[in-house]
Amino acid sequence: MNFFRINPNLCNSHDNQMININSFTFNPFMENTYVLYDETKECVIIDPGCYEGHEQNELKLFIENLELQVVKLLNTHCHIDHVLGNYFVKKQYNVPLYIHKEDEQTLNAVTAYASSYGFAEYQSTKADGYLEEGDSIIFGNSKLDVVFVPGHAPGHVALYNLAQNFCIGGDVLFNGSIGRTDLPGGDFDTLINSIHSKFFIWNDDLVVHCGHGSSTTIGDEKRSNPFCAIAQ
Ligand SMILES: [Zn+2]
Ligand SMILES: [Zn+2]
């Protein structure tokens, strides 16, 4: 059964000292949920969008099959599609939830509108700690760095690892597009500034794992993204 995708760019059979990245696409918004783990089998779950029982089971089975130990739950930002599975993950694995403080309002707001989006069973969660620019998230022998990239949501962060040249980018920059800025707390100029000042300083080969759709690279988006391409 093939129930997860492995990014071939990140597979290196000669080196087992590394972060493995697995993604799942959950809920009607087709949101990408990420599980990152290393050789110690410790893992973090980022933006669990699992809502239906079969989605929660898919995530649970993956973790069971690889005998992973979940140590942290992280949200890049707190729109409904990225937090639907927060309650399940916290309850199942008894792990703390980390978000940026500026997105606490975004998280709290979900309860009020979940039903109108068809998620009547949504159960709210509270953050247990906050992510700030420059923080490091440790799991196993691995580290993710936090960068603050507001614009799509007021407290949006991306999590990156320069040694392995990737970031978990949430809804900031997509393959050929950018995050929408018409939701509460969104701002177009702020988003473009985040992309140019935070993402576009990384090297062209850095892989961005997006909150929706396929992964991309900084170079591809610099060259061809219609919203923020840099003329060559
Ligand atoms: Zn979003
Ligand atoms: Zn999203």
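Trainee: In this predicted model, how are the donor residues of the zinc ion (ligand 1) spaced in sequence?

Mentor: Start with the donors themselves. The zinc ion (ligand 1) is coordinated by His77 (NE2), His79 (ND1), His152 (NE2) and Asp171 (OD), at 2.1 to 2.5 Å. Along the chain, their spacing reads H-x1-H-x72-H-x18-D.

Trainee: How many residues apart in sequence are the parts that His152 and Asp171 tie together?

Mentor: Place each residue. His152 sits in the loop between strand S9 (142-148) and strand S10 (157-161). Asp171 sits in the loop between strand S11 (166-170) and strand S12 (173-174). The pair therefore ties together parts whose separation in sequence is 19 residues.

Trainee: What arrangement do the four donor atoms around the zinc ion (ligand 1) make?

Mentor: Look at the angles. They run from 86 to 174°. Four donors count as tetrahedral if all angles lie between 85 and 135 degrees. The angles around the zinc ion (ligand 1) make the arrangement irregular.

Trainee: Is His152 buried or exposed?

Mentor: Buried means under 20% relative accessible area. His152 has 3% relative accessibility, so it counts as buried. Asp171, with a relative accessible area of 3%, is also buried.

Trainee: Which residues are the protein donors of the zinc ion (ligand 2), and how are they spaced along the chain?

Mentor: The donor atoms lie 2.1 to 2.2 Å from the zinc ion (ligand 2). They belong to Asp81 (OD), His82 (NE2), Asp171 (OD) and His212 (NE2). Their spacing along the chain is D-H-x88-D-x40-H.

Trainee: What arrangement do the four donor atoms around the zinc ion (ligand 2) make?

Mentor: The donor atoms subtend angles of 88 to 157°. That range makes the arrangement around the zinc ion (ligand 2) irregular.

Trainee: Is Asp81 buried or exposed?

Mentor: The cut-off for buried is under 20% relative accessible area. Asp81 has 8% relative accessibility, so it counts as buried.

Trainee: Which residues of the largest nonpolar core touch the most other members?

Mentor: That core has 30 residues. A second, separate core has 20 residues, including Val172, Ile178, Phe199 and Leu206. In the largest core, the residues touching the most other members are Val35, Ile45, Leu59, Ile63, Val89 and Tyr122.

Trainee: What does Val89 touch, not counting residues up to four places away in sequence?

Mentor: Contact means heavy atoms within 4.5 Å. With that sequence exclusion, Val89 touches Ile45, Pro48, Leu59, Leu73, Asn94 and Val95.

Trainee: Is Ile46 buried or exposed?

Mentor: Ile46 belongs to strand S4 (residues 42-46). Beyond four places away in sequence, Ile46 touches Thr33, Tyr34, Leu36, Leu74, Thr76, Leu144, Leu159 and Ile168. At 0% relative accessibility, Ile46 counts as buried.

Trainee: Which strands stand at the edges of the six-strand open sheet?

Mentor: The order is S8-S9-S10-S11-S14-S15, with mixed pairing. Each edge strand has a single partner strand, so one side of it is left without a neighbour in the sheet. The edge strands are S8 (136-139) and S15 (216-217).

Trainee: How many residues apart in sequence are the parts that the Asp128 and Lys90 salt bridge ties together?

Mentor: The closest N and O atoms of this pair are 2.8 Å apart. Asp128 lies in the loop between helix H4 (104-113) and strand S7 (129-130), and Lys90 in helix H3 (residues 86-93). The pair therefore ties together parts whose separation in sequence is 38 residues.

Trainee: Where do Arg223 and Asp220 lie?

Mentor: Their side chains meet in a salt bridge (2.9 Å, N to O). Being three residues apart, they are separated by about one helical turn. Both lie in helix H6 (residues 218-224).

Technical notes:
Residues numbered from 1 in each chain as written. Chains lettered and ligands numbered in written order. Predicted model: local features only at pLDDT ≥ 70, side-chain atom pairs only at ≥ 80, totals over all residues. Heavy atoms only, no water. Donors = N, O, S within 2.8 Å, 3.2 Å for Na, K, Ca; no water. Tetrahedral: all angles 85-135°; square planar, octahedral: opposite > 155°, others 65-115°. Helix = DSSP H or I, 4+ residues; strand = E, 2+ residues; numbered from the N terminus. Buried < 20%, exposed > 50% of the residue type's maximum accessible area, 1.4 Å probe, protein only. Core = buried A, V, L, I, M, F, W, Y, C linked by side-chain atoms within 4.5 Å. Pairing = 2+ DSSP bridges. Salt bridge = Lys/Arg side-chain N within 4 Å of Asp/Glu carboxyl O.
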